[in-house]
Amino acid sequence: ETITVQELAEKLKKTAAEVIKKLMNLGVLATINQEIDFDTAALIAGEFGVEAELKVAVDKEALIMAEPEDDPAQLVPRPPVVTIMGHVDHGKTSLLDAIRQTNVTAGEAGGITQHIGAYQVEHNGKKITFVDTPGHAAFTAMRARGAQITDIAILVVAADDGVMPQTVEAINHAKAANVPIIVAINKMDKPEANPDKVKQELTQHELVVEDWGGDVIAVPVSAKTRMGLDNLLEMILLVAEVNELKANPNRRARGTVVEAELDKGRGPVATVLVQNGTLNVGDTIVVGHAYGRVRAMIDDKGRRVKKAGPSTPVEILGLSDVPEAGDILVVVEDEKLAREVAEKRQMRKREEILKATAKISLDDLFKHIQEGQIKELPIILKADVQGSIEALAQALEKLSTDEVKVNLIHSGVGAINETDIMLASASNAIVIGFNVRPDANARKIAEAEKIDIHLYRVIYEVIDDVKKAMSGLLDPEY
Ligand code: GDP
């Protein structure tokens with residue numbers, strides 16, 4: 001049982017330097033990534049006045065969160081999990097509805113669908129799971145919390161409108177998450193539809209479609225007439241197959257919360273996407289800071305089910321509290337342990353609200369450099385006009401060296417908004433505003449997520465600061 005200096009510092013809510021100093025007092029010379037044994041760690045914790053109980057609680061949590069390695073022989077293909085993203089009014093909701101309806105008529109006659117935050121359809125005997133909270137805000141909010149549930153992103157672009165600011169945002173979000181993109185060129189029924197213009201505009205964002213020699217699949221569709229939907233589903237299954245998505249249904253379930261609420265009659269209700277294993281009614285679970293026993297499960301067709309396997313979304317009843325989207329569900333054998341871990345988390349959550357460390361600010365960068373942890377500086381850039389963005393992007397990219405790379409993960413015209421902050425949080429990026437300010441919502445979330453926003457009016461000041469940050473990022477030369 002060992003722990004690195006960095007991890008110990010985080011657990012103790014101290015800086016690594018403080019921990020290293022204490023270690024030195026004990027005659028131990030350690031670097032930040034060095035592993036130290038339990039006894040030493042406990043000693044250091046004691047030095048800071050923290051009882052060993054903390055360590056024990058951490059171990060219990062690690063115990064329930066540990067993901068056992070799957071025996072490859074147990075792995076079977078699982079349905080892909082798909083998120084639909086794109087500009088407002090380009091047809092995300094219509095497309096989700098159209099796909100779902102097609103399936104209902106094909107499946108159970110007159111089946112009553114129920115909105116639970118995700119649903120499953122069947123195409124040619126194979127299942128596909130759609131997360132139906134459209135928009136990349138949800139997608140990125142989850143990723144910011146460390147939960148990646150999406151296997152494939154469908155980028156909806158209206159053929160009569162083309163690539164718009166939120167289309168670009170969506171592209172950047174999907175790329176940052178390393179999720180393959182399938183383009184659905186929607187509203188093809190409209191006389192003014194111009195798919196070639198869409199393809200052309202996509203190339204400017206490094207998405208080159210297949211018929212133009214690239215490797216991005218683009219499918220012309222109409223949510224209104226349902227044209228192309230079969231083809232779209234076909235392509236989703238194709239990409240899924242190429243990516244060899246697999247899971248082991250024969251183990252305890254692990255999943256992620258897609259949606260959760262307090263229902264007046266039913267109490268806390270959470271829609272969970274099972275990602276591995278099989279969830280059963282009666283299982284004891286921990287979900288974020290909530291715990292309980294699965295009292296009942298309801299699928300996306302409103303049916304009560306007893307089991308839910310990999311990639312299946314189910315609504316679960318029986319939790320002690322309402323979890324958050326992005327929380328991880330695990331099954332725990334021991335109910336007492338489940339309660340203990342959940343309660344510890346509740347306590348920690350309260351503490352964390354007050355804590356001010358995790359995310360990186362420009363000022364912190366130098367420290368992180370010295371600790372040799374960053375080789376890439378992710379930046380999100382917002383500005384008042386496209387011209388400034390281009391000028392800044394060019395200048396910033398020129399700053400990249402062999403050792404430190406400036407990575408402009410997202411840029412756009414307009415105020416710094418909520419999704420910028422969520423993306424920054426997910427990617428540990430710094431946010432730069434040029435002649436723009438964060439809106440009220442963004443400011444609030446930046447505070448909660450501890451994201452630093454840097455505002456400038458002069459280009460050379462931006463360059464100067466980023467340069468400073470980067471020189472700190474370089475490996476020290478001996
Ligand atoms: P969202 O904001 O991306 O979810 O877009 P919606 O699904 O709400 O669609 C925006 C508008 O476009 C609505 O008025 C839809 O009826 C319309 N719309 C969506 N898909 C199509 C389509 O394929 N063809 C046509 N003609 N209209 C569509």
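V82 stands opposite I152 in β7. The model is predicted: local features need pLDDT of at least 70, side-chain atom pairs count only at pLDDT 80 or more, and totals for chains, interfaces and linings use all residues. Residues are numbered from 1 along each chain as its sequence is written, and side-chain values use heavy atoms, with hydrogens and water left out.

Strands β4 (residues 81–86) and β7 (residues 152–158) pair in the parallel sense over five bridges. Pairing requires at least two DSSP bridges between two strands. Strands are DSSP runs of E, at least two residues; helices are runs of H or I, at least four residues, and both are numbered from the N terminus.

The open sheet has six strands in the order β5-β6-β4-β7-β8-β9, with mixed pairing. β5 (118–123) and β9 (217–220) stand at the edges with a single partner strand each, so one side of each is left without a neighbour in the sheet. Neighbouring strands are turned by 30° against each other on average, direction ignored.

Next, the ligand. Of the 15 residues around the ligand, D89, K92, T93, S94 and D189 come nearest. Here, near means that a heavy atom of the residue lies within 4 Å.

| Residue | Atom of the residue | Distance to a ligand oxygen atom |
|---|---|---|
| G91 | backbone N or O | 3.0 Å |
| K92 | backbone N or O | 2.8 Å |
| S222 | polar side-chain atom | 3.3 Å |

A polar contact is a pair of N or O atoms within 3.5 Å; within protein, one must be able to donate a hydrogen and the other to accept it, and residues adjacent in sequence count only if both atoms are side-chain atoms.

Technical notes:
Axes are lines fitted to C-alpha atoms, for helices over the stretch in contact, and angles run from 0 to 180 degrees between N-to-C directions.
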